Amino acid sequence: MLDAEQTNEDYLSKDVSIANIVASARFDMEIELSAVAEELGSLDSEWVEDIDHRYEKGNRLIISISDNNTVIILAASGVHVLTGAKSYDELIDARQKFYYALEEIGLLHSSEFEDIRFIDKFNVKNLVCVGELDSEVNLNAAPIGLGLENTEYEPEQFSGLVYRPDEGSATLLIFASGKIVITGSRGTETSQELFEQLEKRLNILLE
């Protein structure tokens with residue numbers, strides 16, 4: 001689980017930014033999605049911008065939150081996944097607006113987080129950061145500097161190089177343009193450190 005401190009943007013340089021925070025929780029109840037979609041759709045709520053009931057690949061609601069990048073995926077089991085937030089504050093804002101909307105239609109007795117019954121508590125599951133190197137990357141040569149055992153590069157299947165450092169569980173996707181995607185790190189501070197370490201190792205190849 002990541003908290004506000006671990007997603008603190010102050011740890012990031014101008015070359016690295018948060019692209020997405022993914023979080024989830026599960027209410028202690030089953031949900032009739034058709035009823036929720038109908039009630040939210042007929043309610044002129046200030047919290048919800050749009051709602052889409054999708055049946056393909058599993059019955060679920062796709063809920064867009066007002067004035068927020070976050071989209072919420074709600075399943076009949078009570079599981080709800082929040083994705084698209086670009087800061088921890090935006091994530092919490094989306095969560096609260098979602099709970100306000102469910103309180104408005106009577107699904108929740110209270111929108112206060114402490115009063116809601118969960119099977120699985122609210123957790124940040126993944127943090128995705130992106131960075132830009134100052135130069136392009138030779139993806140054929142990069143595995144030499146990063147370690148063949150730590151890299152995967154199959155350009156016929158994926159245009160980027162996959163790099164998994166020895167320490168931690170993070171994965172870095174490296175593209176020839178110099179774009180770097182960091183996923184699965186322990187927080188923004190770790191993401192920044194991984195970016196800087198990668199930059200140093202790749203710069204050695206250019207010397």
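Which residues do ring pairs link into a cluster? I started there, keeping in mind that this is a predicted model.

**Aromatic rings**

I found Phe 27, Phe 98, Tyr 99, Phe 113, Phe 118 and Phe 122 linked into a cluster by ring pairs. My count of aromatic pairs came to 9. I looked up Phe 98 with Tyr 99: the ring centres are 5.7 Å apart and the planes are at 40 degrees, so I noted the pair as tilted. Phe 98 has 1% relative accessibility, so it goes down as buried. Tyr 99 is buried too, with a relative accessible area of 0%.

Next I checked Tyr 99 against Phe 118, and that aromatic pair is also tilted, with 6.3 Å centre to centre and 50 degrees between the planes. Tyr 99 sits in helix 2 (residues 88-104) and Phe 118 in strand 6 (residues 118-132), so this pair ties together parts 19 residues apart in sequence. Both Tyr 99 and Phe 118 are buried.

**Salt bridges**

I searched the whole structure and got 5 salt bridges. One of them joins Arg 117 to Asp 28, with the closest N and O atoms 3.0 Å apart. Arg 117 is in the loop between helix 2 and strand 6, while Asp 28 is in the loop between strand 1 (16-27) and helix 1, so the pair ties together parts 89 residues apart in sequence. I have Arg 117 as exposed at 62% relative accessible area, and Asp 28 as partly exposed at 37%.

Then I looked at Lys 97 and Asp 93, whose side chains meet in a salt bridge at 3.2 Å, N to O. Both lie in helix 2, 4 residues apart, which is about one turn of the helix. Is Lys 97 buried or exposed? Its relative accessible area is 11%, and the cut-off for buried is under 20%, so I wrote down buried. Asp 93 is partly exposed at 31%.

I also noted Glu 152 with Arg 164, a salt bridge of 2.9 Å, N to O. Glu 152 is in strand 7 (residues 151-152) and Arg 164 in the loop between strand 8 (161-163) and strand 9 (171-174), 12 residues apart. Glu 152 is partly exposed at 43% relative accessibility, and Arg 164 is partly exposed at 39%.

**Surface charge**

Where is Glu 46? I placed it in the loop between helix 1 (33-42) and strand 2 (48-54). Glu 46 counts as exposed, at 55% relative accessibility. Together with Glu 103, Glu 104, Glu 112, Glu 114 and Asp 115, Glu 46 gathers in a patch of negative charge on the surface.

Definitions and conventions: Residues numbered from 1 in each chain as written. Predicted model: local features only at pLDDT ≥ 70, side-chain atom pairs only at ≥ 80, totals over all residues. Heavy atoms only, no water. Patch = residues over 30% accessible without salt bridge, like charges linked within 9 Å, V, L, I, M, F, W, Y side chains within 5 Å. Areas by Shrake-Rupley, 256 points an atom, 1.4 Å probe, with all protein chains shown as cover. Salt bridge = Lys/Arg side-chain N within 4 Å of Asp/Glu carboxyl O. Lys, Arg positive; Asp, Glu negative; His and termini not counted. Charge placed at Lys NZ, Arg CZ, Asp CG, Glu CD. Helix = DSSP H or I, 4+ residues; strand = E, 2+ residues; numbered from the N terminus. Buried < 20%, exposed > 50% of the residue type's maximum accessible area, 1.4 Å probe, protein only. Phe/Tyr/Trp six-rings, centres within 6.5 Å; stacked < 30°, edge-to-face > 60°.
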